[in-house]
Amino acid sequence: MKTSEIENILKEEVYRIAPDIEITIIDRESDLREEFDIDSMDFLNLITALSNRFHIEMPEADYPHMMTYNKMIAYLDEHIA
Amino acid sequence: MSEFLMPSLGADMEAGTLVEWLVKPDEQVNRGDVIAVVETQKGAIEIEIFEDGVLEKYLVDIGKKVPVGTPLAKIKQAREAETLKPRPHIVPIEVTPEIAEIDEFDNVPEFAKPQKGRRFRITPAARQLAETSGLNLASFKKNASGPGGAITLFDVEAMIGRKPDTSIEIASAVGPVKMTGMRGAIAAAMSRSKRDIPHYYLAHTIDLSKAENFVIKSNEVRPPTDRLLLGALYLKAVARAVGKFPEFNGHFIDGLFQQSAAAHIGMAIKIRGGGLVAPAIHDAQSLELDVAMSALRDLASRVRAGRFRSSEISDATITISSLGDRGVESLYGIIYPPQVAIIGFGTPSMRPWVNGETVEARRVATITLAADHRVSDGHRGALFLNAIDIFLQEPETL
């Protein structure tokens with residue numbers, strides 16, 4: 001899967017949780033939770049949705065590698081078969 | 001034959017707008033079924049019925065705003081002779097006697113109308129809204145539409161130009177901002193709480209390492225759908241603790257405290273764009289931890305979607321407000337009437353913790369209690385907070 005396709009899916013899922021935040025204005029290198037104003041429940045819902053869409057496990061131990069928008073894309077890119 | 005009434009969904013609700021019927025006439029209804037949707041300041045709320053029978057006839061049309069206690073539909077009971085069992089827990093259906101349907105305002109008997117020089121009458125919600133809007137009550141007198149010349153919420157809404165909708169307005173304008181919609185509901189409930197409830201506050205710092213490690217360990221082997229959050233442990237620990245300290249769990253109405261055997265724990269959930277609601281997770285004391293977690297997830301997603309049930313709003317017997325992992329050290333809550341306590345969970349952080357003779361880095365959080373001094377005292381409050389701490393030290397037993 002192309003990185004741009006991955007990003008589009010990520011955008012879709014983030015939008016579902018934080019429809020009021022424009023992706024163009026966020027800092028892609030900052031904490032995702034701060035940038036999109038999401039709490040731990042929202043974050044878990046995001047992980048659940050991404051895990052279902054990409055059929056990957058996304059263990060909690062890997063959360064530090066998903067903490068920014070760009071890191072998340074890189075993580076997904078690396079783990080999708 | 002019985003009537004299905006517009007329920008009171010919280011102390012600050014005077015009226016609601018019927019927006020949807022989910023059951024047609026002649027259809028079967030069962031206790032607990034959601035049969036209608038009502039729009040209130042808190043959003044669209046699904047209204048449940050508490051008896052079995054057949055919906056015979058609608059009494060109120062869609063789009064109509066009616067006062068609490070107004071019959072919405074006629075219900076033919078399953079067995080007219082059979083006595084209905086009351087719900088096992090508290091259902092605070094408050095009917096405000098001063099309010100009558102708008103159509104009946106012309107029929108107010110002469111003797112009930114106010115006389116010259118007498119104090120004017122005003123409904124509680126109207127007074128609260130007028131107060132939070134900074135309006136002079138006397139200016140409403142000539143516009144009063146309620147029975148006996150009482151000033152109603154409708155009058156105050158009309159005066160401040162508030163539309164009877166639930167859209168959330170974000171206070172972004174410079175200058176005075178009217179408290180409307182959800183902000184108005186929060187303003188009314190919290191003002192009433194601070195006016196009527198003598199709060200006392202206690203704080204306790206607890207070691208959350210065991211609880212956190214338990215969550216990490218459990219989640220190692222779970223797919224995201226089944227993962228736990230600390231919030232589920234808070235919910236269970238509070239539900240267990242109120243079992244030992246029932247004076248923090250129930251409703252204080254008209255000078256009487258009604259203790260609740262069930263722990264219907266209100267969870268304060270923020271709404272994107274502003275405001276919050278605290279619907280209840282019913283019977284949290286008897287839910288398995290995993291079930292409590294799914295209930296919490298389900299509730300949060302329904303709140304985000306703006307759809308929750310009438311019983312979830314009115315039944316909460318105590319509330320938890322948690323700052324989550326992006327907040328500050330502690331939160332002192334305001335009790336949601338008619339409840340008598342609210343527990344605040346601060347953001348957990350790594351702090352030095354003395355364990356025997358050594359200092360260790362531990363995940364620590366401050367928990368607080370705001371409680372109603374009419375019902376309990378600080379001594380019991382302290383033991384109650386300690387009990388929550390003790391339950392969180394044994395997460396595997398929750």
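**Exercises on a predicted model**

In chain B, Pro338(B) is found in the loop between β17 (318-322) and β18 (341-345). The model is predicted.

**Exercise 1.** Determine whether Pro338(B) is buried or exposed, and which residues it contacts beyond its neighbours within four places in sequence.

*Solution.* Step 1: the relative accessibility of Pro338(B) is 11%. Step 2: buried means under 20%, so Pro338(B) counts as buried. Step 3: outside its sequence neighbours within four places, Pro338(B) is in contact with Gly250(B), His251(B), Phe252(B) and Ile253(B). Step 4: the C-alpha atom of Pro338(B) is separated by 8.4 Å from that of Ser193(B), 145 residues apart along the chain.

**Exercise 2.** State what lies over the face of Phe252(B).

*Solution.* Arg374(B) takes this place, at 3.8 Å from the ring centre of Phe252(B).

**Exercise 3.** Classify the aromatic pairs Phe43(A)–Tyr63(A) and Trp21(B)–Tyr58(B).

*Solution.* Step 1: over all chains, the count is seven aromatic pairs. Step 2: Phe43(A) and Tyr63(A) lie 5.3 Å apart, centre to centre, with 85 degrees between the planes, and the pair is edge-to-face. Phe43(A) belongs to helix α3 (residues 40-54) of chain A, and Tyr63(A) to the loop between α3 and α4 (69-79), 20 residues apart. Phe43(A) is buried at 4%, and Tyr63(A) is buried at 13%. Step 3: Trp21(B) and Tyr58(B) are stacked, at 4.5 Å centre to centre and 5 degrees between the planes. Trp21(B) is in strand β2 (residues 15-21) and Tyr58(B) in strand β6 (residues 53-58) of chain B, so this pair ties together parts 37 residues apart in sequence. Trp21(B) is buried at 11%, whereas Tyr58(B) is partly exposed at 29%.

Note on methods: Residues numbered from 1 in each chain as written. Chains lettered and ligands numbered in written order. Predicted model: local features only at pLDDT ≥ 70, side-chain atom pairs only at ≥ 80, totals over all residues. Heavy atoms only, no water. Helix = DSSP H or I, 4+ residues; strand = E, 2+ residues; numbered from the N terminus. Buried < 20%, exposed > 50% of the residue type's maximum accessible area, 1.4 Å probe, protein only. Contact = heavy atoms within 4.5 Å. Phe/Tyr/Trp six-rings, centres within 6.5 Å; stacked < 30°, edge-to-face > 60°. Lys NZ or Arg CZ within 6 Å of the ring centre and 35° of its normal.
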